[in-house]
Amino acid sequence: IQMGMVPGHGELDIQINHYKIFARLYPAKAVGGDLYLFFKLPDGRLFIAVGDVSDKGIPAALFMSRMVSLTNLLVPKMASLTSLVSELNDVLAEENDANMFITFFCAIVDPEQANLHYVCAGHNPPVIVGDSVVNILEFEAGLPLGIMPGFGYEQFTRSFSKHEKLVIYSDGITEALDENEQDYTEQRLLDLLSNFEGSASAEEIGQSIFENVQN
């Protein structure tokens, strides 16, 4: 049921216009709190998002399902990314007796203007992969969603060429533990991504990340 809430049932690999989208969702337990979403907007732009609930197990899965439902409802009528994230935050903060929250990164890819517009609510900073070059997206992250109603979020914009890849992940990657209880770490992820050329596909990069984490 939970996998049915995200595109591709947790395994997404599709082509939308000039863009390839690859996503995988593997819960740490039978169910979890991570999510990813995407929408093709009426004007041809693409909305993409990744989120990570603060807990694991059934409570996180329930909070995640609420988040997915709200996002599906609000994205088609959003005025801007900032208004969308602010409204999500306000609704999730209501009657949040369990004090749960969700980190969230969402973006709109504008193929006509070659721009990437994005808002971050406490989530891990995504990475732009070019020709053997990786750049962490720079921004001042806002609070995770569900903590403080009325919090204002800021939108950022950067150019986004067709040769670049946007890698969005949760701390399920960077905080994955090996047999010695050592984190995978953000630096190891960056080292892996720096090996890819601009011609590498989204699938090649995504599969390599999962294989490297598992090894």
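Predicted model: local features only at pLDDT ≥ 70, side-chain atom pairs only at ≥ 80, totals over all residues.

Biologist: Where in the protein chain is confidence lowest, and where is it highest?

Modeller: The lowest mean, 91, belongs to strand β8 (residues 134-136), whereas helix α2 (residues 81-93) has the highest, at 97.

Biologist: What makes β3 and β9 the edges of the sheet?

Modeller: The open sheet holds 5 strands in the order β3-β4-β5-β6-β9, with antiparallel pairing. Because β3 (34-40) and β9 (156-159) each have a single partner strand, one side of each is left without a neighbour in the sheet. Neighbouring strands of this sheet are turned by 15 degrees against each other on average, direction ignored.

Biologist: How do you know that β4 and β5 are paired?

Modeller: Pairing requires at least two bridges, and 8 bridges join β4 (residues 46-53) to β5 (residues 102-110), the two strands running antiparallel; therefore they count as a pair. Within β5, isoleucine 108 is the residue opposite phenylalanine 47.

Biologist: Which strands does helix α1 touch?

Modeller: Helix α1 (residues 57-74) packs on the sheet and touches β3, β4 and β5, and its direction makes about 10 degrees with that of β3.

Biologist: How many residues lie between β1 and β2 in their hairpin?

Modeller: There are 2 residues between them, and asparagine 17 in the turn has a positive phi of about 55 degrees. Strand β1 (residues 11-16) pairs with strand β2 (residues 19-24) in the antiparallel sense over 6 bridges, and aspartate 13 has phenylalanine 22 in β2 as its bridge partner.

Biologist: Why are α4 and α5 called oblique to each other?

Modeller: Helix α4 (residues 186-193) and helix α5 (residues 202-214) pack at an angle of about 135 degrees, their axes being 11 Å apart. Roughly perpendicular ends at 115 degrees and roughly antiparallel applies over 145, so the angle of about 135 degrees falls to the remaining class, and α4 and α5 are oblique. The crossing in which α4 passes α5 is right-handed.

Conventions:
Residues numbered from 1 in each chain as written. Heavy atoms only, no water. Helix = DSSP H or I, 4+ residues; strand = E, 2+ residues; numbered from the N terminus. Axes fitted to C-alpha atoms, helices over the stretch in contact; angles between N-to-C directions. Contact = heavy atoms within 4.5 Å. Parallel < 35°, antiparallel > 145°, perpendicular 65-115°, else oblique. Left-handed = near helix turned anticlockwise from the far one by under 90°. pLDDT = per-residue confidence, 0-100.
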